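Subject: Structure for you to look at, with notes

Dear colleague,

Here is the structure I promised to hand over, with the sequence alongside.

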Amino acid sequence: MTSSDVWTRDTAERYDDPDDWVNSPEVTTPVARFLAEVADGGPALELAIGTGRIGEPLHDLGVPVTGIELSQPMVDVLRRKVSEDELPVVVGDMATVEAPGAGSFSLVYLVYNTIGNLRTQDEQVACFANAARHLAPGGRFVVEVGVPGLRRLPPGSPAIPFDVSDAHLGFDTYDLVTQQAISHHYTREEDGRYRYSQHNFRFTWPSELDLMARLAGMTPEARYAGWNRSEFTSESTSHVSVWRKG
């Protein structure tokens, strides 16, 4: 079993919250269009496809999409939107599971910080190797992930806030030795009470991911600060990176 947190049925039912900005078409459409351009007419494999937040709109653009997902409840929610025949999904660990068509995909992608769900370096290295195994020669692996916000961590402070609003309070805590981190979420319910949840992850640096790609036989092609292909700089808080196989 992977070290990843496994999304429960309760979490899966809330995942497509229409009030959550990450689920809005203004967010998902540019991502799908970017990925469709990179796929260049070929099939795509999404690692950790979840409820299809990106896989579904990419499929709607005419790209054949296959998914790998660890959580069966997340796949169950996806099935309410798109059938298995239209968008097949293999339930299992994205670092090791093989999807039908391995070796023929023009694009494998992993979005929204999900590489961090694998909480050991060995598992993350294995994930890059699995992505390369699924790609055809010349195919591309795309990863979207945040840059660790350690510059924002004041001396002596245990946490970095990443969201402070009426509906949600979010804080990240970091272990600088192990690169383990926890996102703490306090979400306001309709009755005014707050629901607490946490997400465990391993943070990575861009150069570390480049080395993982090299070990898997892939070379860097591009790195952007966002899906709009803006320049990645030392001030960027996240990146979209593209590596090419062979």
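This is a predicted model: local features need pLDDT of at least 70, side-chain atom pairs count only at pLDDT 80 or more; totals for chains, interfaces and linings use all residues.

I begin with the seven-stranded sheet. Its 7 strands form an open sheet in the order E3-E2-E1-E4-E5-E11-E10, and the pairing within it is mixed. Strand E3, residues 89-91, and strand E10, residues 218-224, are the edge strands, each of them pairing on one side only. From one strand to the next, the twist averages 20 degrees. At the E10 end, E10 and strand E11, which covers residues 238-245, pair in the antiparallel sense over 6 bridges, and if you want a place to look at this pairing, Ala 222 stands opposite Val 242 in E11.

The other sheet is open as well, with 4 strands in the order E6-E7-E8-E9 and antiparallel pairing. Strand E6 (160-164) and E9 stand at its edges with a single partner strand each, so one side of each is left without a neighbour in the sheet. Here the twist averages 15 degrees from one strand to the next. Strand E9, residues 194-202, pairs with E8 in the antiparallel sense over 9 bridges; within this pairing His 184 stands opposite Gln 198 in E9, while the bridge partner of Thr 187 is Arg 195, again in E9. The hairpin of E8 and E9 has 5 residues between the strands, and in it Gly 192 takes a positive phi near 95 degrees.

Next comes helix H4, residues 72-79, which lies across strand E2 (65-69) and E3 and runs at about 160 degrees to E3. Which residues of H4 are buried? They are Pro 73, Met 74, Val 75, Val 77 and Leu 78, and what covers the buried residues of H4 includes helix H1 (9-14), E2 and E3.

The salt bridges take up the next part of these notes, and the structure holds 13 of them. Arg 80 counts as exposed because its relative accessibility is 57%, whereas Glu 13, with a relative accessible area of 41%, is partly exposed.

Asp 16 forms a salt bridge with Lys 81, in which the closest N and O atoms are 3.0 Å apart. This pair also links distant parts of the chain, since Asp 16 sits in the loop between H1 and helix H2 (25-39) and Lys 81 in the loop between H4 and E3, 65 residues apart. Asp 16 counts as partly exposed at 28% relative accessibility, and Lys 81 counts as partly exposed at 32%.

A further salt bridge joins the side chains of Glu 84 and Arg 79, at 2.6 Å from N to O. Glu 84 is partly exposed, with a relative accessible area of 38%, and Arg 79 is likewise partly exposed, with a relative accessible area of 25%. Elsewhere, Arg 140, Glu 221 and Arg 244 are linked in a network of salt bridges.

Finally, there is the surface to consider. Which residues make the nonpolar surface patch of about 300 Å²? The patch is made by Tyr 186, Tyr 194 and Tyr 196.

A colleague

Technical notes:
Residues are numbered from 1 along each chain as its sequence is written. Side-chain values use heavy atoms; hydrogens and water are left out. Two strands pair if DSSP finds at least two bridges between them. Helices (H or I, at least four residues) and strands (E, at least two) are DSSP runs, numbered from the N terminus. Axes are lines fitted to C-alpha atoms, for helices over the stretch in contact, and angles run from 0 to 180 degrees between N-to-C directions. Contact means heavy atoms within 4.5 Å. Patches are made of residues with over 30% relative accessible area and no salt bridge: like charges are joined within 9 Å, nonpolar side chains (Val, Leu, Ile, Met, Phe, Trp, Tyr) within 5 Å. Accessible areas come from the Shrake-Rupley method with a 1.4 Å probe; for residues, only the protein chains shown count as cover. A salt bridge is a side-chain nitrogen of Lys or Arg within 4 Å of a carboxyl oxygen of Asp or Glu. Buried means under 20% relative accessible area, exposed over 50%, partly exposed in between (1.4 Å probe, protein chains only).
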